Amino acid sequence: MAAASGSNLSSEMEVDAFRRLFPLRFHERHLLQSIRPDGRTLGKARDTTIALGAVTSANGSALTKIGCTTMLAAIKLEVMTPTAESPDEGCIAIDFHMPPICSPIVRPGRPAEAAPVLAKQLSDTITSSGVIDLKELSLVGGKAAWMAYLDIYCLDADGSLFDAALLSAVAAFSHLRIPVVSLNDEGRIVLVSEDNGGGKLEKEPVNKEKRKLKLDSLPFSLTCILHKNYILADPTAEEESIMETLVTVVLDSSSQLVSLYKPGGPVPAHTSAIQDCVALTRQRLKELQKILNGAISDMEVD
Amino acid sequence: MAGKRGATPATYSPSLTTAKGKKKPPIFTDDANWVRSDGRHFHQCRPAFLRIATVNSASGSAYAEFGNTKVIVSVFGPRESKKAMMYSDVGRLNCNVSYTTFATPSRGQGSDNKDFSSMLHKALEGAIILESFPKTTVDVFALVLESGGSDLPVIISCASLALADAGIMLYDLVAAVSVSCLGKNLVIDPISEEEVYQEGSFMISCMPSRNEVTQLTVTGEWSTPKISEAMDLCLDACSKLGNIMRSCLKEPLSAPEE
Amino acid sequence: MEYVNPEGLRLDGRRPLEMRQLRAEIGVVSRADGSAVFEMGNTKVIAAVYGPREVQNKSQQINDQAVVRCEYSMANFSTGDRMRKPKHDRRSTEISLVIRQTMEACILTHLMPRSQIDIFVQVLQADGGTRSACINAATLALADAGIPMRDLVTSCAAGYLNSTPLLDLNYVEDSAGGPDVTVGILPKLDKVTLLQMDAKLPMDTFETVMQLAIEGCKAVANYIRELLLENTKQLEFRRGV
Amino acid sequence: MVGLSVGEKHFIKGGIEQNLRTDGRKRYTYRPIYVETAVIPQANGSARVKFGATEVIASVKAELGKPSPSYPDKGKVLIHVDCSPTAEPAFEGRGGEELSSELSVALQRCLLGGKSGAGAGIDLSSLSIVEGKICWDLYIEGLVVSSDGNLLDALAAAIKASLSNTALPKVQVSSAASDEQPEVDLSDEEFLQFDTCGIPAIVTLTKVGKHYILDATSEEESQMSSAVSVSVNRQGRICGLTKRGGAGLNPSVIHDMISVAKHLSEQVINKLDSEIAAAEAREEDVP
Amino acid sequence: MEVEKELVTPGEVLGLGSDFKAGKGAYFSPDTKTIYASLTGFRSIIPPPIDATDQRPTVEVSGHKAHGAVPEPGSIVIARVTKVMARMASADIMCVGSKSVREKFTGIIRQQDVRATEIDKVEMHASFRPGDIVRALVLSLGDARAYYLSTAKNELGVVSAESAAGGEMVPISWTEMQCPLTGQVEQRKVAKVGA
Amino acid sequence: MEIDRGDGRKANQLRPVSCTRAVLNRAHGSASWSQGETKVLAAVYGPKAGTKKNENPEKACFEVIWKPKTGQIGKPEKECEMILKRTLQSICILNVHPNTTTSIIIQVVNDDGGLLPCAINAACAALVDAGIPLKHLAVAICCSLAKNGRVLLDPNKSEEQNMKAFVYLAFPNSIQSVLPEGSLQVEGEPMEHGIITSVTHGVMSVDDYLLCLDKGRAASEKLSVFLRSSLK
C-alpha cells in the first residue's frame, strides 16, 4: 500500500493535517479495520431525529436531522382553480433551497448547482411514489382545489442531502392538517376560524373538521457509497467528496422499489452490490418508520 | 402525473374571515391599562431562546427565537475574499439576509426588505476588530425561518452571537431592540400586527458593556423628549438582552466538555 | 396624421428644414475629467468623460492604444411613461455600442496606449433624436477633457413624412413610423462616420434626406465650435493671461 | 473611491479641529445652494439642486391608482433614487445599485414616516380622491448627476423643491354613486398646488474625530467615523433619523447631535424656502 | 500561578489599562483606559517575565477555539502545488502550522523565493510539479489574490510528491527524488526531513 | 405470449439505430445519434486550458451543457447535465490532461422517449470522434416494465408514459479482449456487467428491477456491436 512508504512524512505530521492533505489515504486506513473516521461501522447510519410542527405559520412542517445534516420542510396550502383536464385534483409544487447558511460552498449570488438536481429528484420521487392522492386535495370539483407548496430548506449540509430532504418531506406531509374552509358569497374560499365554527355560517363549511391526509406507501431512502468492495451507508459530506460513486435506493413502506438512482461514478455497480444496498435500505426503512411513528405519537399526545 | 411543469397557476391564500372595512382593530385604544394581544405589558420583551453552534459546516452559528420570530445565522471565515476585490489591509465584512418562502403569511413578502443586508452590515461593522484578519473576509449569512415582527433586531443580536461563536475578535457583543409608537405609548419588541399599525418606529443596536450605539433608525414623527425616553428604554433592554446572550455563550463552556 | 400643414409648418411650429433650438453647457460635473450638457429642443443629455486612466480589468487592456468604453443610460423620468428603465436592455446596449464606435473612430487612441477612456451618457429628457444628442454631448465632454481627437463628431437626424424631408425629428415625428436617417460626420475632414437608417426610402429621396442631415450636422458643428472658443476665452480670462 | 494620502487625511482632520475646513468653510456652514425648478417639462413637478459640486435632479409624476386595501383613505408615495455613472465611474453597470437602494430607503424613512403614514412629511390623505377606489400615486424619482458628498440632504432638498413645483390637475368625479370604477376627468387648466411646509429637511452631521461638520464633501466623508442624518420639519419635530458609518457612538453624543441638528434645521429650511421661492420667480419670467 | 478560571465573553472588562497589559484575546481601549475581552474563553493572567522593564502582568483569554487558522507573515504552511509557470508556482495553502484551514487560501512561490542560492538560475519546472505537497514560509500578505510564500530554507520545499508512475517518491538529495516503483529520478526542490 | 407494441416490434427488439460522426466542422468532435424518432446531436470542445472555480486542477474536468429542443434550461435539464457529467467522468481517463476543461454540448433534436440513453450514446460517440482518451465506451439503454410484468426494451414516448415504470441503464460496452480466457473477470462477474448509471421512474418491485438489469445487459451487447462497427 503506497501510504506505508510515506509513513516517515505522516508520522511527524498531525492527524488533522494528514486528513486534510491525503483524505483518501486517511479514509482507506480506517476502512481496513472496517470503521469510519466518526466511529461508525460501514453499514450504520447516523442518528436521526424528527421534530414535527417546527414552523407555526405553515399548515404542515417538520425539522429532521441525520447526524449534522439538517432539513426544514414546510407545506403551505393555497387555493387554486384546478386545470381542465383534471378538475377534481389538487397539485403539489415541490422546491428545494440551499441557502448560503448551509455550507461554505454556497455564495449568496451563486446558488449551489446541486439544488435544482435535488429538487427534480425529490419531485419525481414524491409524485411517482403516489404517497399523496391528489384527489384528496380537491375542494369544489372544477372550481377550487388545494395547491400544496412544499418548500424544503437545507439548514446544514453534511452529506446524504437527498435522504434527509425526503424524510423531512414525508414527515411534513404526515403533520399536515387541512384547515376548515367554506365558500363565501364572492366565490372565494375563506378560513372558518375555529371559535365561531358553530356561529352563523353563510355557507356550510366545505370540509367539516381539520383533517389529516390519508398517506399510504411512505417512501424512505438510503444513500450508499461504493468504494473498491466496501459499501458505506449514509456518507458524510467529506466521504461524498472523496469517494464519488453514490447509489440512492428509495423503498416505500410496502417495500416496493420507488427509485434506484446511480448517477455515474468511477466504480461500476455489480448486481451483488445492488442487492446489498437494497438490503441495507430495508433495514434502514424499519428504523425510520419507528422514528417517524414515535414523532407522530408524541405529537398527538401534546 | 408529473408535477406541473409550466407556470404554476395563480393561487391565493384563504385569509381569515375579517369583516370588511374595519378601521383599526379597537385593541389599540390610548388608555393606559390596555394590554397587548400576547399579554405582555408595554415595556416587556418577548422571551428570548438563544443557542449557538447549530450549523456544523459553518465556522460559527447561532439560532434565535423571540416569540414567533425565528432566525438562523451562520458565519464563514475569515476566508479568501472574492477575486474581484481590491487589496485591503483591513478585514472585510460581507452580510446577506434572506427569508424563507413560508416566513411571512403571504408567500411573496420576504423580498421587500432588501436593505436588511446593508443595515446588518452597518450594525456589526463597529463591533468587529477588522485589523485582526487582514485581507480576508468574514461572511455573515442570515436566514429568517419565521417572521413574527421586529425581525431586524433579532437578526442583529443572533449574528453577533454567531460571530462570537466563530471566534472572531469583537470589541463587544451587539444587542438590538426596536420600539413602536402606538398612539401615546411606546411598545417594545413589537409583533407583526403591532408593527402594521405603528405610527413611528425606533430601532437601536448597541454594544451593551461599552455603552456605544452602532446603528439607529427612527421613522415617523417624534418629539425630542420622546426620543430620549425611547432611547433609555431601549438601552436598558439591550443591556438585559446582552446578559442573556453572555450566559448563552458561557453555558457550553462551563458545562463539562461533552 | 398631418405632420406638415398646408402652410408648410410642422406640429411644433418649425419649418421642415429648421433645427430645434440648441443649447449646451460645458463642465457641469466638477469631479469628471470632462463633462457637458447638450440640449436639442426638449431632448436633454448629460455626458461625462473619465480618463485616460488605468485599465480596470487587465484582460481588456490593449498595449498599443487606449480602450474606449461607453455606457448609455436613461433616467426613469426621461420619457412620458414611467416604466423602470433596466440598465442593460437591448436598446441601450446597442446605442452604447454605436456611440463607442463613433467616438473610437475620432479619438487618437494610439497616443494613450494601455489606458482606458470611459464615456458615460445619461439621458435626462428624451424627445426624439437622443442618439444624435448623445454623440454631440460626448464630443463636447471629450473636448472639455482635453482628449486629442482627429476632429469633432457632430450628429443629426432627418426624416421623410408627408413626402417632405424633415430635419431634426422630435418624439412625435420620430414615432410616426416614417424613415429616420441618423448621420454623424467629421465636419473639418468632411467624412461621414455614422450612417443609420431604418424603414424604406427610394434612392433619390434618401440622397436628399441624407444631405439635409449633413447640413444639420454642420450647423451643430458651428454651434459647438463657437461654444468651445467662448469657453476657452473664459478659461484664459479666468487665468488672467 | 477617493485616494487620499496620509498627509491629506491629517490636513482634513486638523482643519476640522480648528473649525476651518479645506474649502474655507466653518464647521456648520453650507456650500452655496442653487435650486432650479421645472427642469423636466414632462413631469408634474421637477427640480435640480446643487450643493456646491453635488448636483441631483428630482422629478415627481402623479398617476391615478388604487389605494392599498389596508389604508383605503390614503394615496401612495414611492421614492426611488438612481445613481448615474456620470457622477462616478464606480456607478457603472450595477455598481451604483447598492448606494441607490440605501438612499431610497433612507429617504422613505425620513419623508414618509411609519408604515401607517402618520407623521409623514406629505399628507397622504390629501392624495385620496374616492376612498377605497381611486387615489393619486406619486412616483418620486431622484437622479444623482454629480456626487461630491452629502447626497442625502441634496436629494431631500430636491424632493422638497420638486413637490412645491408639482401641479396636480383638479379632479371631478363624474359618476360618484356606482360601485366599481367611477370615471374621473382631469381638467388641465386649474391645478392645485402642493403645500410643502410640512415636508422636513434632512440635516446630516458627519463626525470626524471629536467634532461634527455639516454638508461634508466626499473627501471629508471618506474620513468620517460616523454620521447621523436627522430629518426635522418646520415645527421642530424629528420625522426620521438614520445613523450611518461604522464606529459606535455614545448615546449622549447622539442626543447632542440631535439637538445641534434641530437648531441648524431652522436655518436650512429658511434658506431652502427662499431658494425655492427665487427659483419659482425665475421660472415665471423665463417661460 | 493561575487565578481561578473565570469565563468572559467579548466586551467584558478584564482590568484597568494601568495595571495590566492586553494579551491574546484581549484589547486595550485608549479612550476608556480599560482592557476588554475580545473572545469568549477563560480569563488568565500571565506573570511578567522577571527581566522585562514593564512589570505589569499580561491578561489574556484562552480556551475557546479561536477562528480558523489564517496565514500570517512568518507562519509555516503546508500547501499543494496547483500550477507551475515560468516565473512562479501557485499553490493552495491547506494547513497553517499544524492546524488545517477550513477553506483553502491561494499562495504563490515566486522564482526568487525558491532557494537561497543563485536565485536567478532557478528552473521552476525542476523545483515543483502540480500535485506536490510543499512546506513553505509565508513571506508577506502578498497582493489581492495570493500570499507570497518562500521555500528558501533547507527544511522548506517539497515534502511529498507522486511520481509519473503514481508511486510516492522518496527524497535522495536536496534536488532529487526517486520513485520506488520505477526507480526513475525526478528533479524537485526537496525539503530536508527534520531529525 | 406476444405483446403487440404500437410499432409491431417484439419485446426486446430495439428501434432502428443510426450514428453519424463528424457532423460539425467547428467542433473538435461531434456525433449525431438517433434511436427511432429520438435524435440527439453531441459536440465536444476541448480539452481547453484552465479549470472552473472549484474543480480539481490535477484532473481533467468535464462541463456538460444540455440544450432542450424548446424553452429555457430548467431543473430537468440541470439533472440530465449532472447525470451525463458524472457518467462521462467515470469512463474517461482523467489524469492524462490535468488542469483542462472539456465541454460537451448536447442539443436535443427530437424527443420520442429514451432521451437520456440516446444522449449518453451520442456523447460517447462524440468523445471518440474528438480523440479524448477513454477507459472504455458506455452503452445506454432504456427498459420499461409493462403492467403484466413483461420488460419492453427501448420504448418510445407513448409507451414510456403509460408503462408502469421504466429505467435508464448505462453499461460499459463489451470488449473482445485479447486475453484467452474471455473478458476481464472482476470478482467473478464479467466486467461489463457493472452498471455505470441507473435512473428509475415509477414504482416497481426489486425483482422486476433485477429482471430489467439482465434484459438491459443482453440488449447492450447488440448495441456495443453496432457501436464498434459504426466507429471503425
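Here are some exercises with worked solutions on a predicted model.

Ground rules: residues are numbered from 1 along each chain as its sequence is written, and chains are lettered from A and ligands numbered from 1 in the order in which they are written. Since this is a prediction, local features need pLDDT of at least 70 and side-chain atom pairs count only at pLDDT 80 or more, while totals for chains, interfaces and linings use all residues.

**Exercise 1. Work out how chain C is built and how compact chain C is.**

Step 1: list the elements. Chain C has 4 helices and 9 strands; helices (H or I, at least four residues) and strands (E, at least two) are DSSP runs, numbered from the N terminus. Along the sequence they read β-β-β-β-α-β-α-β-β-α-β-β-α.

Step 2: check the overall size. The radius of gyration, taken over C-alpha atoms, is compared with a globule rule of 2.2 Å times the number of residues to the power 0.38. Chain C comes out at 18 Å, close to the 18 Å the rule gives for 241 residues, so it is as compact as a globular protein of that length. Along the principal axes, its C-alpha atoms fill a box of roughly 55 × 45 × 35 Å.

Step 3: look inside. Of the 241 residues, 44% count as buried, that is, with 20 or more other C-beta atoms within 10 Å of their own, C-beta atoms being placed from the backbone. For contacts (C-beta atoms, placed from the backbone, within 7 Å) between residues at least 6 apart in sequence, 70% join residues at least 24 apart.

Step 4: Residues 151-216 are 27% helix and 41% strand, with end C-alpha atoms 17 Å apart.

**Exercise 2. Describe chain D and its helix α2.**

Step 1: chain D carries 5 helices and 12 strands, and 50% of its 287 residues count as buried.

Step 2: take α2(D), residues 97-112. The helix has 16 residues and reaches 22 Å from first C-alpha to last, close to the 22 Å expected at 1.5 Å a residue; the expected span is 1.5 Å times one less than the number of residues.

Step 3: see what is buried there. The buried residues of α2(D) include D:Leu103, D:Val105, D:Leu107 and D:Leu111, and also D:Glu102 and D:Arg109.

**Exercise 3. Which elements supply the side of chain D that touches chain C?**

Step 1: the contact takes 23 residues from chain D and 22 residues from chain C.

Step 2: β3 (54-65), β4 (76-83) and β6 (134-146) of chain D each give two or more residues. β6(D) gives the most, with 5 residues.

Step 3: sort the chain D side by type. There are 10 nonpolar, 7 polar and 6 charged residues; Ala, Val, Leu, Ile, Met, Phe, Trp, Tyr, Cys and Pro count as nonpolar, Asp, Glu, Lys and Arg as charged, and the others, Gly among them, as polar.

**Exercise 4. Trace the open sheet β14-β15-β16 in chain E.**

Step 1: these 3 strands pair antiparallel in that order; pairing needs at least two DSSP bridges between two strands.

Step 2: the edges are β14 (170-171) and β16 (185-187) of chain E, each pairing on one side only.

Step 3: zoom in on β15(E), residues 176-178. 3 bridges join this strand to β16(E), and E:Glu176 stands opposite E:Gln187 in β16(E).

Terms used:
A residue is buried if 20 or more other C-beta atoms lie within 10 Å of its own, exposed if 12 or fewer, and partly exposed in between; C-beta atoms are placed from the backbone. Two residues are in contact if their C-beta atoms, placed from the backbone, lie within 7 Å.
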